[in-house]
Amino acid sequence: MNRQSHPVLNLVAVPYALDGVLFSCQVARHGPSGAMYATVSTELKVDVRKPAILSSIPPQQVQCGDVVRLSAAGTNVYDERYQWFFNDQPLAGETRPRLVVRAGDVNQSGRYALEVMREGQPIWSEIELTVHKCGQ
C-alpha cells in the first residue's frame, strides 16, 4: 500500500523578531528494513507583514458628511499597543485597531497613520484621505 502525506506548516501570529529568518527542513523516509529511500529538503523564509489600513470608502472619494471606518488588517497577538495619528499628530484616546472618521469638512483631508507596537518595535502604516467640499 502506497501512502503519501502532505504536511502543512501554518505560521500564525509570528513574532516580528522572526522577520527575514530562513528556516531549513529536511524530511527522510525509511523503508521497512530501515533503509532510507527518500529525502526532501525545503527552505522557508519568514516574512512578517506589517498591518495594512483598510478603508470602508475609497480614500480619494470621501464626501463631506461621510463616515469613514479605518481598520488595521494583519494585526496579531504580539501587538502591544495601537495609536492613530492625523498629519503626524497623535489622536487622543484612539488606541484601538479601528478608527471612525466623520468627514465634516475638507480640513479632515490628510494622512491618517497607525503605529503598532510589536515586541517593542514601532510599525507604521498610513493612508491618505481626501474629503471633497460639500456640494461638489
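Mentor: Let's start with Asp88, which lies in the loop between β6 and β7. Strands here are DSSP runs of E with at least two residues, helices are runs of H or I with at least four, and both are numbered from the N terminus. This is a predicted model, with residues numbered from 1 along each chain as its sequence is written. Local features need pLDDT of at least 70 and side-chain atom pairs count only at pLDDT 80 or more, while totals for chains, interfaces and linings use all residues, and side-chain values use heavy atoms, leaving out hydrogens and water.

The phi of Asp88 is near 70°, a positive value in a residue other than glycine. Asp88 counts as exposed because its relative accessibility is 52%; exposed means over 50% relative accessible area, buried means under 20%, and partly exposed is in between, using a 1.4 Å probe and protein chains only. Asn87 sits in the loop between β6 (79–86) and β7 (89–90). Asn87, also not a glycine, has a positive phi of about 50°. With 36% relative accessibility, Asn87 is partly exposed.

Now look at the strands on either side. β6 and β7 run antiparallel and are joined by two bridges; two strands pair if DSSP finds at least two bridges between them. Phe86 has Gln89 in β7 as its bridge partner. Stepping back, β7-β6-β9-β10 is the order of an open sheet of four strands with antiparallel pairing. At its edges stand β7 and β10 (121–129), each with a single partner strand, so one side of each has no neighbour in the sheet.

Next, the aromatic rings. The structure holds two aromatic pairs. Rings of Phe, Tyr and Trp (its six-membered ring) pair if their centres lie within 6.5 Å, with planes under 30 degrees apart called stacked, over 60 edge-to-face, and the rest tilted. Phe85 and Trp124 have ring centres 4.8 Å apart and planes at 45°, so this pair is tilted. It links distant parts of the chain, with Phe85 in strand β6 and Trp124 in strand β10, 39 residues apart. Phe85 is buried, at 12% relative accessible area, whereas Trp124 is partly exposed at 37%. Phe86 and Tyr112 form a tilted aromatic pair too, 4.7 Å from centre to centre and with 40° between the planes.

Tyr112 belongs to strand β9 (residues 110–118) and is buried, with a relative accessibility of 4%. The C-alpha atom of Tyr112 is 6.4 Å from that of Asn87, a residue 25 places away along the chain. Beyond its neighbours within four places in sequence, Tyr112 is in contact with residues including Ile53, Leu70, Phe85, Phe86 and Leu129; contact means heavy atoms within 4.5 Å.

Finally, a word on confidence. pLDDT is the predictor's confidence in each residue, from 0 to 100. The chain averages 78, and 68% of the residues score at least 70. Confidence is highest in β7, at a mean of 97, and lowest in strand β2 (residues 36–45), at 66. Where pLDDT is low, the predicted coordinates should not be read in detail.
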